[in-house]
Amino acid sequence: LSPFAGIDPDERIDAQALAAEVERAGADIPGLPEKFVVAVDGGGLMPLADVGADVMVAPTRGPLPVAIALAGPDGSHALGGTTCADAPGAIRTILEGFAEMRRSGRTTARRLRDLAPALAAGLASAAGLASVDAPSPRPAGLRAGPVDLGAHGTGLLLALPFGRCDAGQLSRAVTWSESLGCEELRPSLTRGFLLPGLKASDARNLVAAAREAGFIVDPD
């Protein structure tokens, strides 16, 4: 998930709720590779096409609200479209089918995104997906610094060098969250944390302290 899920002014579907349903639908499937990722992209500030997911769910511009795609290194290949309500069940069918293919020897692919196109088409058919175009590419999202979240205030993305954090940095981030009224500290796929719901002035004032504490706060 994007760390902005649920508070993103540009989000077109409720990615946070959909991700929770996908987790419930797919968490108990045996036979999947140890490294397996489903990305739920709400269509907002942080595109997820390049996060290395096996499966990506993203909003479409067509009559069906979401597309389910295989997110490979050369872009996303759409398996098909469905409704938000039916997406978790469709993903479960796809994951169960992939696990069965691995058990039976029909594929040696370690990642679903590497599955042969004919086998992928079979999974899409089993899941009852309709034909849709792949989600349109979007510019890369901000990876560090203040972010305008509209009615949800300002967020501050704190990135970490090589994703490494010590206890002192984490303690400081928690203290900032509590003292500035964020009430939460969100892990971010950008290898850091998001402090959401800040006043714009508080976010600007916090940048220097966060930089001094060893966080990356400059997008470049």
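User: How do you know that the span of helix 2 agrees with its 18 residues?

Analyst: Helix 2 covers residues 87-104, and at 1.5 Å a residue it should span 26 Å; its end C-alpha atoms are 26 Å apart, so the two agree. The expected span is 1.5 Å times one less than the number of residues. Helices here are DSSP runs of H or I with at least four residues, strands are runs of E with at least two, and both are numbered from the N terminus. Bear in mind that this is a predicted model, where local features need pLDDT of at least 70 and side-chain atom pairs count only at pLDDT 80 or more, while totals for chains, interfaces and linings use all residues. Residues are numbered from 1 along each chain as its sequence is written, and side-chain values use heavy atoms, with hydrogens and water left out.

User: Which residues of helix 2 are buried, and what comes after the helix?

Analyst: The buried ones are A87, P88, A90, I91, I94, L95, G97, F98, A99 and M101. Buried means under 20% relative accessible area, exposed means over 50%, and partly exposed is in between (1.4 Å probe, protein chains only). Next comes G105, with a positive phi near 85°.

User: Why are helix 2 and helix 3 called oblique?

Analyst: Helix 3 is residues 117-126, and the pair packs at an angle of about 140° with axes 9 Å apart. Axes are lines fitted to C-alpha atoms, for helices over the stretch in contact, and angles run from 0 to 180 degrees between N-to-C directions. Under 35 degrees is roughly parallel, over 145 roughly antiparallel, 65 to 115 roughly perpendicular, and the rest oblique. Helix 2 and helix 3 are therefore oblique to each other.

User: What makes up the contact between helix 2 and helix 3?

Analyst: Helix 2 brings T93, I94, G97, F98 and M101, and helix 3 brings L119, L123 and A126. Contact means heavy atoms within 4.5 Å. Sorted by class, that gives six nonpolar, two polar and no charged residues. For the classes, Ala, Val, Leu, Ile, Met, Phe, Trp, Tyr, Cys and Pro are nonpolar, Asp, Glu, Lys and Arg are charged, and the others, Gly among them, are polar.

User: Where does helix 1 meet helix 2?

Analyst: L18, E21, V22, A25 and G26 in helix 1 meet A87, P88, I91 and R92 in helix 2. By class, these are six nonpolar, one polar and two charged residues. Helix 1 (residues 15-26) packs on helix 2 at an angle of about 35°, with axes 9 Å apart.

User: Why does F162 count as exposed?

Analyst: F162 has 75% relative accessibility, so it counts as exposed. F162 sits in the loop between strand 6 (154-159) and helix 4 (167-179). Its phi is positive, about 60°, although F162 is not a glycine. Most residues other than glycine have a negative phi.

User: How do you know that R191 is exposed?

Analyst: R191 has 55% relative accessibility, so it counts as exposed too. R191 lies in the loop between strand 7 (186-188) and strand 8 (192-198), and has a positive phi of about 65° although it is not a glycine.

User: Why is G43 called buried, and what does G43 touch?

Analyst: The relative accessible area of G43 is 13%, so G43 is buried. Not counting residues up to four places away in sequence, G43 touches D10, R12, P59 and R138.

User: What makes T60 count as buried?

Analyst: T60 is at 15% relative accessibility, so it counts as buried. T60 is found in the loop between strand 2 and strand 3 (66-72). Leaving aside neighbours within four places in sequence, T60 is in contact with R12, P65, V66 and A67.
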